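Hi everyone, thanks for coming. Please have a look at the structure on the screen, and then I'll walk you through a few places in it.

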Amino acid sequence: MTEPGRSARAGVPERPTLDGIEDTWAHRWQDDGTYAFDRTKTRADVYSIDTPPPTVSGELHMGHVFSYTHTDTVARFQRMRGRTVFYPMGWDDNGLPTERRVQNVYGVRCDPTLPYDPQWRPPAAPVDDAARKNPTPISRRNFVELCGTLTVVDEQAFEALWRRLGLSVDWSLTYTTIGRAARVASQRAFLRNLARGEAYQAEAPTLWDVGFATAVAQAELEDRERPGAYHRLRFAGPGGREVLIDTTRPELLPACVALVCHPDDERYADLVGAVVRTPVFGVAVPVRAHPLADPAKGTGVAMVCTFGDLTDVTWWRELQLDTRVVIGRDGRLLPEPPAGVPAGRYAALAGQTVAGARRAVVGLLADAGDLVGEPRPVVHPVKFYEKGDRPLEIVSTRQWYLRNGGRDAGLRAELLARGGELRWVPGHMRSRYEHWVGGLTGDWLVSRQRFFGVPVPVWYRLDDTGEPDLTHPLTPDESALPVDPSGEPPPGHDESLRGLPGGFVGDPDVLDTWATSSLTPQIVGGWEADPDLFGRVFPMDLRPQGQEIIRTWLFATVARAHLEHGVLPWRDAVLSGWILDPDRKKMAKSKGNVVTPMALLEQYGSDAVRYWAASGRPGMDLAFDPAQIRVGRRLATKLLNASRFALGLGAADALRAPATQPLDTAMLAELSGVVAAATSAFDAYDHTAALQATESFFWRFCDDYIELVKERAYGTGPGADSARAALATALSVQLRLFAPVLPFVTEEVWSWWRYGSVHRAPWPTTYEVDRAIGGGADAGLLRLASDALGQVRRAKSERKLSMKAEVPLAEALGPADLLDRLTLVADDVRAAGRIGRLDLLPGRTPELVIACAV
């Protein structure tokens, strides 16, 4: 493997320290191109990673450190295995989180009706609460520019933290989801989806976030428990029969289009097909039967409104009911009543918020005598946009959709099959993918009524009355991408015709941020823009990501690659667990229990924090534990000091010399097994098992082997030569085994006595270790010698003696064959235990016993 630089060996410092090594090596790695991707390698020699681009709308937290450290251990391992690693970093900077951050930081809001003001300058940030409550309106272009300005600042802070953590990314490959490459790839993919009939427009009930004033997709929903109340309403049935229904949304009474019961509910069988009248408004609505109605819920009959929830949408569509929409995009009741609803009764609700309308309707019901009993408090799940803070409404809008199998059984089966081809780590995560794909109820809504995003790349002709022809959108040639229809005319048109009858209008929407992020392999791989690079890295080897976005990022990326390329976008998917606070609750910004990492990195060092992160396996949750970080600090310090000691014995000059003494070969034989275990674990993406195997051996190496061998290593002759050779091999191998997790301290020690970077050195192999063993080896001798020395130490400790105290006589009792083996390492045990005479007494005990006369 080629090394970027063959710098001179630094030599062993007199007082090695962990302080400051992060800055030293971060700069050296950048200057030397240690992690640069080699574009000359063939696809077989490349290991490519589709790195998650973190959302640039706040601070990185320990959850990021946790998962990104895991990925970095993979990258470092694969690089040492001889692969050239394609390891980019991206910033997810478009979308609603960025817009909200800009609004909060600068106290502004976007008003697309305003003209661009090139002289406008933002206020000093951050602004006070008064400015946030009364934001300054600015044009769309000014707003987008401000979003871009703030994200650059955030991205610089993110990069600084990632460098401090030691991520071995190639920073020349950095991209952003609002950058030119991302806009081109997103718009190209959309246009090709449109040409193949996979993208389409439809007027339909849409999940709507009132706070953000945009549509959201099914994958972006989350349920939150909220207090509410059941209200029992009296409908007037045929022949004077009263029909009671329970609802938590009485304000939707003017939107009622039917009552529905279960087909097998005998209580209402005679009502099915009949007509009842709504209370207060007296509107005639039918009673229908549908299997989704729950006989055990409330009174067993439900009010269908357009639209209160997703079940309403299902009933409305499958029962082909009328439409009476009352809630507008602003979250208020529309100024005019829907068809058939008396204007006089509705007037009290017009323009009201949902909460205000609810109070007004309850008052009208009570006055009419149609509110039965008192409202009954309840806590129930309410649909929210995952980044929003107000309950979602369902309004009828025209949106862009992308086919994802939600309404196409054939495509659904194909996407499920793709999930079966993917290697899941851990394996049980596959079921989450299958559950999501199998439960899709509609296609992917990809348009958003926002501003800082990739524009939908289409225009519409305006007819002679100024109405747009939505069924025949105008599209650009791919060579013209990226385009912004709000500021550029379509091909063959002049900007002066914008908005005029006979002219054109641009689509005002942007694409959902996931519609861009789902193309990260294509964006960073140079799809169409750099075919040579794309051929070397795509399909990629690894997608590391959080388990909670299987339904969004992972599934969407699989769908886009399937539709465009007919393949999976990567071979393996490794899913992270969650970080828990000390109370075992998931850390989340919304809960206010997150911990930011920079102070910890500065206090304990990056290797210590990485050690904590590597203690959690893929898919497994890990509690944030400063004590574990302190253990990592202790390990890094011990590695520094033990290496200094070994090199001080002359180990550096004995590298590649054979070990000949039984204790030395035993230690190396055990190390060979550690190499095999760590390699197998890393191949299985189990960095935790690799670390545990390496660390367990390292402490035994320090506490037992070095203590046992140091007297011999200080001397001269074949025994000393063997000890120094074994120390050199063991140190070289262990530095490389630790390197993926502890990159800074291993690089520091490596620089004392080896050329180049440890991170460009080859991964250790069992062949390499076995070759250093001059002859046969008894791998158990180290543990046997350790056991004997441990008993001597305990004897001194029990008598409150110094470990340096002399032991005039010690007797070794045990089975004859065991004592015969002990004879092979007896000299080292005597020297380490400061034993004057060691007598071997076979057959006295069933196991080894060291009796000390002190």
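**A walk through the chain**

Let's begin with I327, which is buried, because its relative accessible area is 5% and the cut-off for buried is under 20%. Before I go on, please keep in mind that this is a predicted model.

So where does I327 sit? You'll find I327 in the loop between α7 (310–318) and α8 (343–346). And what does I327 touch, once we leave out residues up to four places away in sequence? The list is R249, L252, R332, L333, L334, V354, E393 and V395. If you want a sense of distance, take D532, which is 205 residues from I327 along the chain: their C-alpha atoms are 52 Å apart.

Now compare that with another loop residue, A44. A44 lies in the loop between α1 (21–32) and β1 (46–48). Is A44 buried or exposed? A44 counts as exposed, because its relative accessibility is 62%. R163 is 119 residues away from A44 along the chain, and 29 Å separates their C-alpha atoms.

Let's step back and see the whole chain. The chain contains 26 helices and 29 strands. Its C-alpha atoms fill a box of roughly 110 × 65 × 55 Å along the principal axes. Of the 854 residues, 55% are buried. Take the contacts between residues at least 6 apart in sequence: 78% of them join residues at least 24 apart. The chain exposes about 35,000 Å², with carbon and sulfur atoms supplying 51% of that area. As for charge, there are 97 positive and 108 negative side chains, and the centres of these two sets are 3 Å apart.

Next, a helix: α25, residues 816–823. Which residues of α25 are buried? They are L818, L819 and L822. Looking down the axis of α25, these buried residues fall within an arc of 95°, so they line one face of the helix. Here is a handy bit of background: an α-helix has 3.6 residues a turn, so residues three or four places apart point the same way. On the other side of α25, D817 and D820 are exposed. The buried residues of α25 pack against α24 (781–798), β27 (807–814), α26 (826–833) and β28 (835–842).

On to the strands. In general, strands of a sheet pair through backbone hydrogen bonds, either parallel or antiparallel. β16, residues 393–402, pairs with β18 over two antiparallel bridges, and L402 stands opposite W444 in β18.

Let's zoom in on β8, where we find T214. T214 counts as buried, because its relative accessibility is 0%. Apart from neighbours within four places in sequence, T214 is in contact with L96, L207, W208, D209, R448, Q449 and R450.

My last stop is β14, residues 301–305. How many of the five residues of β14 are buried? Four of them are, and the strand is mostly covered. β14 pairs with β11 (residues 256–261) in the antiparallel sense over five bridges. In this pair, C256 stands opposite C305 in β14.

That's my tour, and I'm happy to go back to any of these places with you.

Terms used. Residues are numbered from 1 along each chain as its sequence is written. This is a predicted model: local features need pLDDT of at least 70, side-chain atom pairs count only at pLDDT 80 or more; totals for chains, interfaces and linings use all residues. Side-chain values use heavy atoms; hydrogens and water are left out. Helices (H or I, at least four residues) and strands (E, at least two) are DSSP runs, numbered from the N terminus. Buried means under 20% relative accessible area, exposed over 50%, partly exposed in between (1.4 Å probe, protein chains only). Contact means heavy atoms within 4.5 Å. Accessible areas come from the Shrake-Rupley method with a 1.4 Å probe; for residues, only the protein chains shown count as cover. Lys and Arg count as positive and Asp and Glu as negative; His and the chain ends are not counted. The place of a charge is taken as NZ of Lys, CZ of Arg, CG of Asp or CD of Glu. The arc is that of the directions from the helix axis to the C-beta atoms. Two strands pair if DSSP finds at least two bridges between them.
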